[in-house]
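Here is a friendly walk through one protein model, written to be read with the coordinates open. Have a look at the chain first, and then follow along.

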Amino acid sequence: MQRSSAESDPIESAPEVTASPKLSVIVPLYNEEENVAPMHDAIVAALADGDLDYEIVFVDDGSRDETFERAAALKDHDPRVRVVKFRRNYGQTAAMAAGIEHARGEILVTMDGDLQNDPTDIPMMVAKIGEGYDLVVGWRHKRQDKFFTRILPSKIANWIIGKITGVPIKDNGCSLKVYRAALIKRISLYNEMHRFIPFMSSLAGSRIAEVKVKHHARRFGNSKYGLSRVYKVMFDLLAIKSILTVAKHPMKMFSGLFAIASVLSMVFFVNAFFSGEASVVFMGMSLLFGAMATQMGFAMLLVVLIFKTGTLRRENFVHLSARAVWPDNRKQNVT
């Protein structure tokens, strides 16, 4: 079997690595054995001219090929490489969350492991963080994918997401993003929620920038995306809308249904006394809507309890965008 360049040509002198690097580059991988070494080389080349200490966190999402072995082999020659391995495939969001959890940098970069994102865009995006932004989102303005199966569904989905969330990002699906670690490490990710990170961070009032980035056609392996993901995104969008509603008004989702069901129950109950032979029907309808109102009432209590004891309270989002600065030894809270 042909060995990767990193395996056959060891680096003469190992680069220095610190326990707390300034930058962490997180790359989820799933059956990308041919892309591992080229991706590592591209990241190293892109960051070679900078003065930032960095690490590369490869996350093997339960690959069935030699992705993990090739990523682990890189660590023998480059101590800046760290590898996280899943026992089975959990999906891109879970892989990103694991990489974010294990990353040690102050600034975190996420990107796909298929070489379609270009690491040369990283310095430019990190510089944006230096301008005071909390999140920098890549926009693949010249996307090298099939139009009808990838680009068109993505444009429609991005438009819908922007309308519902109120965060008009042109390319939510671009994995190339740069974050402040203090922000992203406190945002819970699950299902396909990595597409909604800009929205989740917007709840904290974070400053978000969107920049044009390069995009390349896939060279090795097969794409893991397709039209089958559209329905998953739509379901996650419904979940996001629910989160938005609950975060702002915990009881709003069920209070309207409770009020309507209660009124209808009373209306049918009163009509039961004046309807003669139809009284049984009206009484049944009254009991039905009464039961619905009771269910909505308990649902409201449950939502309030979860909201009060959980991590979705709005005050918990406030500290995500607050950081201390020290001009002339005077502490100021910046939000």
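Val270 sits in helix α10, which covers residues 252-272; helices (H or I, at least four residues) and strands (E, at least two) are DSSP runs, numbered from the N terminus. With a relative accessible area of 42%, Val270 is partly exposed, where buried means under 20% relative accessible area, exposed over 50%, and partly exposed in between (1.4 Å probe, protein chains only). Val270 also belongs to a nonpolar surface patch with Phe269, Phe273 and Phe274, and together they have about 460 Å² of accessible area. Patches are made of residues with over 30% relative accessible area and no salt bridge; like charges are joined within 9 Å, nonpolar side chains (Val, Leu, Ile, Met, Phe, Trp, Tyr) within 5 Å.

Before going further, please keep in mind that this is a predicted model: local features need pLDDT of at least 70, side-chain atom pairs count only at pLDDT 80 or more, and totals for chains, interfaces and linings use all residues. Residues are numbered from 1 along each chain as its sequence is written, and side-chain values use heavy atoms, with hydrogens and water left out.

**The chain as a whole**

The protein chain has 12 helices and 9 strands. Of its 335 residues, 44% count as buried. Its accessible surface is about 17900 Å², with 59% belonging to carbon and sulfur atoms; such areas come from the Shrake-Rupley method with a 1.4 Å probe, and for residues, only the protein chains shown count as cover. Taking contacts (heavy atoms within 4.5 Å) between residues at least 6 apart in sequence, 79% join residues at least 24 apart.

**Confidence**

The predictor's confidence in each residue, pLDDT, runs from 0 to 100. Its mean for the protein chain is 80, and 77% of the residues reach 70 or more. Over residues 1-13 the pLDDT stays under 50, and the model has 13 contacts beyond four places in sequence for them. Residues 317-335 also have pLDDT below 50, with 31 contacts beyond near neighbours in sequence. Where pLDDT is low, the predicted coordinates should not be read in detail.

**Salt bridges**

The structure holds 10 salt bridges, each a side-chain nitrogen of Lys or Arg within 4 Å of a carboxyl oxygen of Asp or Glu. Among them are these pairs:

| Pair | Closest N and O atoms |
|---|---|
| Lys22 and Glu106 | 2.9 Å |
| Lys214 and Asp121 | 2.8 Å |
| Glu131 and Lys128 | 3.5 Å |

What does the pair of Lys214 and Asp121 tie together? Lys214 lies in the loop between β7 (208-212) and α9 (230-248), and Asp121 in the loop between β4 and α5 (122-130), so the pair ties together parts that are 93 residues apart in sequence. Lys214 is partly exposed at 36%, whereas Asp121 is buried at 5%. In the pair of Lys22 and Glu106, Lys22 is partly exposed at 34% relative accessibility, and Glu106 is partly exposed at 49%. Elsewhere, Glu55, Arg82 and Arg104 are linked in a network of salt bridges.

**Aromatic rings**

Rings of Phe, Tyr and Trp (its six-membered ring) pair if their centres lie within 6.5 Å; planes under 30 degrees apart count as stacked, over 60 as edge-to-face and the rest as tilted. The count comes to 3 aromatic pairs. Phe86 and Tyr90 form an edge-to-face pair, 5.3 Å centre to centre with 85° between the planes. Phe86 is buried at 13% relative accessible area, while Tyr90 is partly exposed at 47%. Phe268, Phe282 and Phe289 form one aromatic cluster.
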